[in-house]
Structure formats: structure tokens, C-alpha cells
Amino acid sequence: MDFLMSGLAACGACVFTNPLEVVKTRMQLQGELQAPGTYQRHYRNVFHAFITIGKVDGLAALQKGLAPALLYQFLMNGIRLGTYGLAEAGGYLHTTEGTHSPARSAAAGAMAGVMGAYLGSPIYMVKTHLQAQAASEIAVGHQYKHQIFPPQSWKLALVAAMMSGIAVVLAMAPFDVACTRLYNQPTDAQGKGLMYRGILDALLQTARTEGIFGMYKGIGASYFRLGPHTILSLFFWDQLRSLYYTYTK
């Protein structure tokens, strides 16, 4: 659960911070190995870079490299925070006398960070290549021509569904848990629930008794169900419409 929750939390933050990562990448590549004043500055500062990228490359370009960025954040932070959490739960951060050991905490944090960075490095490289891609008039650094998926690919739709699913699941999981428990609670002879008075009561009782993580039980299954369910629903809908228009013309 530590791996999953920390990875999903990092992915949720990444959706909002990725545009800044695109701007950072472009500004760091600008003027690479060129003396100051000998190159054209396409990006004068953070705000100017936002406006320039939005005008020339389009607003969608501010989310370039989002797919590998999400994978990188999930993998790196899941391993980093999850490994540290396991070490803490296992009591490895305390001395034999039971006191907290700063040295052990630092060692566990360093080891977890190295593992996450090492495994995430190849994905970070792909992310950087994609975020550096720009129109010729504002291009900086070497321009790789990667294309993860061809246009109109079902794989692209699946990735989009999985990415949007992060925000959906984080927002809806507590209500889904409450809904499941409301439907499953025992009732009296009149059909009135014996455990919860309504959805708000179910949310409050769950949070008080089981904590915040109790409201996110089953989040992994919810997330991995949502992406395929969305893409399959849209795929079958599109195919059925095509068949309908083919045979009704």
C-alpha cells in the first residue's frame, strides 16, 4: 500500500507540475555550450516561456512528456517512499533500545532514493527528449523525433484514459467506498440501514474509525479497472455506431 499510495500521490501532483517541467527543460537546454550573447534567447524567463510555448507549440505542448513523467513519478516515488515506509514499519530505523536513529533514517532514505533514481533514469531520459521537442522557430537543444504512439492509436487513448483515471480515482474513491458500504449494510424490517444514515455519515464513520487510508480501500483495483473500462466502452461504442451507419445507409 505504501508503494501504491506514494506513487499515485506523486502522479496526481505531476499532472499539475508537468508544464513547469517542460519550461525547465527548455530553459536548461537553451544556449547549450554557447557563450552568453551569442545565441537567440527564445525563453527570457519562466512566464515568457509559458506564453511562447503556448503560442507557438500550442497549449497541449505544455503537457509534453506527461506519459513518461507519470510513469517516472509512480516508479521513482513509489520505490523511494514505499521502501522507506517498509523500513520504518519493520523497525529498522530504531536502535535496539527503541529510540529513533537519525543515521539509520539517513541511510534508508539514501538507499531508497538511489534505487528509485536508478530504475527511473531511462524513463526520465525519454521524458526529457519529448519535452524538448518544439517547433523549429523556438527549438533548443537536440531535437529527437520520438513518437510514442501513432495518431488515432487505441494505445494513445488507453494512456490518456489511464492518466485521467488518476484524478478521477483520487477524487471518487472515498465516495465509491461509502457507496459500496451503504449498499452492503444490513437493514431492519423496514429496509432502513443499521450502520449508516447516508453517504455523509458513511464517509465520516470510515474516516474516524479507519483513518484517511480507509477511505481509499480498493484504490488499486479501481484505478486499473477504470482505464480499460473507459477505452473498451468508447471502442465498442465507436464500432457499434460504425456498424449501425454501415447497414442503415
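## Order of the secondary structure

Along its sequence the chain runs through the pattern α-α-α-α-α-α-α, and its secondary structure amounts to 7 helices and 0 strands. The radius of gyration of the chain is 24 Å, which is well over the 18 Å that the globule rule gives for 249 residues, so the chain is more spread out than a compact globule. All of this describes a predicted model, in which local features need a pLDDT of at least 70.

## Extent, surface and contacts

Taken along the principal axes, the box filled by the C-alpha atoms of the chain is roughly 80 × 80 × 30 Å. The accessible surface of the chain comes to about 15700 Å², and 66% of that surface belongs to carbon and sulfur atoms. Of the 249 residues, 33% count as buried.

When the contacts between residues at least 6 apart in sequence are considered, 69% of them join residues at least 24 apart.

In soluble globular proteins, nonpolar side chains tend to be buried together. Here the largest nonpolar core has 19 residues, of which Cys14, Leu70, Ile166, Val169, Tyr216, Ile219 and Tyr223 touch the most other members. At least two residues of this core come from each of helix 1 (2–29), helix 3 (66–89), helix 5 (154–184), helix 6 (199–210) and helix 7 (219–248); helix 5 gives the most, with 5 residues.

Isoleucine 166, one of the core residues that touch the most other members, is in contact with Leu8, Cys11, Gly12, Leu70 and Tyr223 when its neighbours within four places in sequence are left aside.

## Aromatic rings and a charge

The structure holds 2 aromatic pairs. In the case of tyrosine 244 and tyrosine 245, the ring centres are 5.4 Å apart and the ring planes stand at 70 degrees, so the pair is edge-to-face, since planes over 60 degrees apart count as such. Tyrosine 245 has a relative accessible area of 42% and is therefore partly exposed, as its value falls between the 20% limit for buried residues and the 50% limit for exposed ones.

A further arrangement involves tyrosine 124, over whose ring sits the charged end of lysine 127, at 4.2 Å from the ring centre.

Definitions and conventions
Residues numbered from 1 in each chain as written. Heavy atoms only, no water. Phe/Tyr/Trp six-rings, centres within 6.5 Å; stacked < 30°, edge-to-face > 60°. Buried < 20%, exposed > 50% of the residue type's maximum accessible area, 1.4 Å probe, protein only. Lys NZ or Arg CZ within 6 Å of the ring centre and 35° of its normal. Helix = DSSP H or I, 4+ residues; strand = E, 2+ residues; numbered from the N terminus. Rg over C-alpha atoms; globule rule 2.2 N^0.38 Å. Contact = heavy atoms within 4.5 Å. Areas by Shrake-Rupley, 256 points an atom, 1.4 Å probe, with all protein chains shown as cover. Core = buried A, V, L, I, M, F, W, Y, C linked by side-chain atoms within 4.5 Å.
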